[in-house]
Amino acid sequence: MGEVISVKNLRKTYSNGVEAVKGINLSVQNQLVHALLGPNGAGKTSTMKSILGFIKFEGDIKVFGKNIDEVRNRISFVPEEKNFYTHLTPKKSIKMCKRLFKNFNEEEAFKLLKYFDIPINKKIGSFSNGMKTSLYISLSLAQEADLYIFDEPTTGLDPIKRSDLLELIRQKIIDGKTVLYSSHIIPEVEKIADYISIMYKGRIIYSGFRDDIKEKFKLLYVPTEISHKIGIDTKNFFAKLIEDEVIVLLSNDHKQWESLSNHEDIEIKDVDLEEFFNTLIRGYNDVF
Amino acid sequence: MFFKELNDIKMRSIVILLLLLVSLAVTIALRPYTETMFSQMISEFEKLPKFMKKIIGSPEQLTRLKDDEYYLISQWHGKNLGQFLPLLSLLIAFPIFAKENEKKTIYFLLARKKRKFVFWVKFLTGLFVLLIMTGGLSTMGFVLMKILGYSVSLVHLLPCLISEMVGVTFFFSLFLLFSIISNDQVKPVIAGIVILIGLPLLSLIKSVSFLNPYPYILCVNVLDKGIDWPYTIVLASVSLLLIVSDYLVFKNREF
Amino acid sequence: MWFKIDLYSSLSLNEQIKMGIKESILKGKLREGDTLPSIRELASSLRVNPNTIVRAYKDLETEGIVIAKQGIGYMVLKGKAEIRRIVLKDLEKKFSEEIFRFKKIGFKLDEILEVIKNIWEK
């Protein structure tokens, strides 16, 4: 199937002048979890709203190679605000979804509601945040869609249900589906993502497989005086972050860290997602 | 989705329906009393204080009230039901889009269905309920009076019905526009009320008084002149224009 | 169950899967001529993306440990002895950076061996 979502040169400026997305490219491939990771205000929701056709934008977006309006029956979306119809009960909601969507699996919906401990005859208006989220997710996952789009799906969920949700998402991938997952929670992304696009201040500052971050990058901690002494050209590194007494360098070139590995004051470390993310984000201001 | 929309409208339509049925019952129940009351008033018209004469109008009008048909048209279609119809349209229309905009439940539908589909189901369900209620209540006035033995004929009911149906369609399409544009449920209500109060006031200015559709809906001239075809066609066309605008605004709106 | 995966490990999933297969061969769970678990089966068992398994299997094929056979799957080419050599080579590659650093700092081989001995005996 190849490319499920193709975003080219996406720009979005709101009527109040805020430039939420400053020209990004995104390519979501088939059968993987593509995470959009970034702090609040990075432009993730605007990106998703553009993909879903909720807002106007500049640029070119294709889903399954077509305009999104033509393929809506293959999509399931969980928004940031998981509000559902308050006077309905979960049971009535399932009935409604069954009538509305051809690909809705009623049996699966009841199974998921039970899995998440949702009372099926209680009015949704009385639900807590966690229950609302669980309900919305259950209805969305019960749809046999080809593409699932989640915007911060774990809000309000306790750790066990969060883990349950990630497990359900992984099963979708094993079943051959595709997921676009937006979050600002690093441990979650670390657990679920196959491919990560890091977004910050309207730009995508890194895109790559999660495995690659572990395999191809190393962090170098260089005390400031040493960096002057040796004369390290920090511009050659993938990213840099200048702290009080040390310069943190992110490198994906093994020649770089091999040449510096002999220095006893320079610490070379494997990279986890959190450190990778922090160095890129905080170092962003040093670079741009 | 039709059933879900129906469900949404259910609560308020049932409440309004009950209120109007009570109003209908009262209107018809008062008929015998009005006959004697007005007979008395006519005979003693000259004796009434000046301000009362002004309110009641002319003795000729009072005489007409003795006529059942006139009573039905003027009291039910022209007053108790008729004056409520624009408000009924507002009450049905205002939350159809605005509620989902406010509560952000609209995303569920918009993600999975084309805007064309979402618009037409919501619009048609609302209009359907409104027309059924209007048609039903309108006809019931005639039916009840007939059953109770009063002399009323279908001849005047039909034109009245048409005016009312076209009238509510006009108001519904207009108020729906406010519902589509707003991000909360309060604004469309306020805008609607402004229209409901403002339109009758237009009658005060002779040159633009034709813009006020109230007399048309209230079947004021039906007994004497029958249905006002030109006005019907114009109002229907304006409604059509409004419906197209509703669709286009919804289609291009950002959420 | 074949082996376990640690999502938070500093090793990538790819490396862990390859290691897991090699260890399975060393433990006798897989022998020369056996077929590797199907991609879907292993993905389901480990709860990882099937594409990750595919990449790992392809890497193993490049290393010469398995070979893809049409209609059958990935077949193990090497026996325990050869895998042992390969895994030891992996270990050498893994440690060389660290050991080299310690050497440059001035540690002696005996000291390093002592450390390893202590760890082994725990």
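Let's walk through this structure, from the chains to a sheet in chain A and then to one residue in a helix. Keep in mind that you are looking at a predicted model.

Start with how the chains meet. Two pairs of chains touch, and the pair with the most contacts is A and C. Chains B and C, on the other hand, share no contact, and their closest C-alpha atoms are 26 Å apart.

Now turn to chain A and find its open sheet of four strands, which are arranged in the order β11-β12-β10-β13 with antiparallel pairing. At the edges sit β11 (239-242) and β13 (267-270), each of which pairs on one side only. From one strand to the next, the twist averages 20°. For a look at one of the pairings, follow strand β10 of chain A, residues 218-223: four bridges join it to β13(A), and the two run antiparallel. Within this region, L220(A) stands opposite I268(A), a residue of β13(A).

From here, move on to helix α10 of chain A, which covers residues 273-287 and includes T279(A). Is T279(A) buried or exposed? T279(A) counts as buried because 20 other C-beta atoms lie within 10 Å, and 20 or more is what the term requires.

Which residues does T279(A) contact, once neighbours within four places in sequence are left aside? They are L219(A), A239(A), L241(A), V248(A) and L250(A).

Terms used
Residues are numbered from 1 along each chain as its sequence is written. Chains are lettered from A and ligands numbered from 1 in the order in which they are written. This is a predicted model: local features need pLDDT of at least 70, side-chain atom pairs count only at pLDDT 80 or more; totals for chains, interfaces and linings use all residues. A residue is buried if 20 or more other C-beta atoms lie within 10 Å of its own, exposed if 12 or fewer, and partly exposed in between; C-beta atoms are placed from the backbone. Two residues are in contact if their C-beta atoms, placed from the backbone, lie within 7 Å. Two strands pair if DSSP finds at least two bridges between them. Axes are lines fitted to C-alpha atoms, for helices over the stretch in contact, and angles run from 0 to 180 degrees between N-to-C directions.
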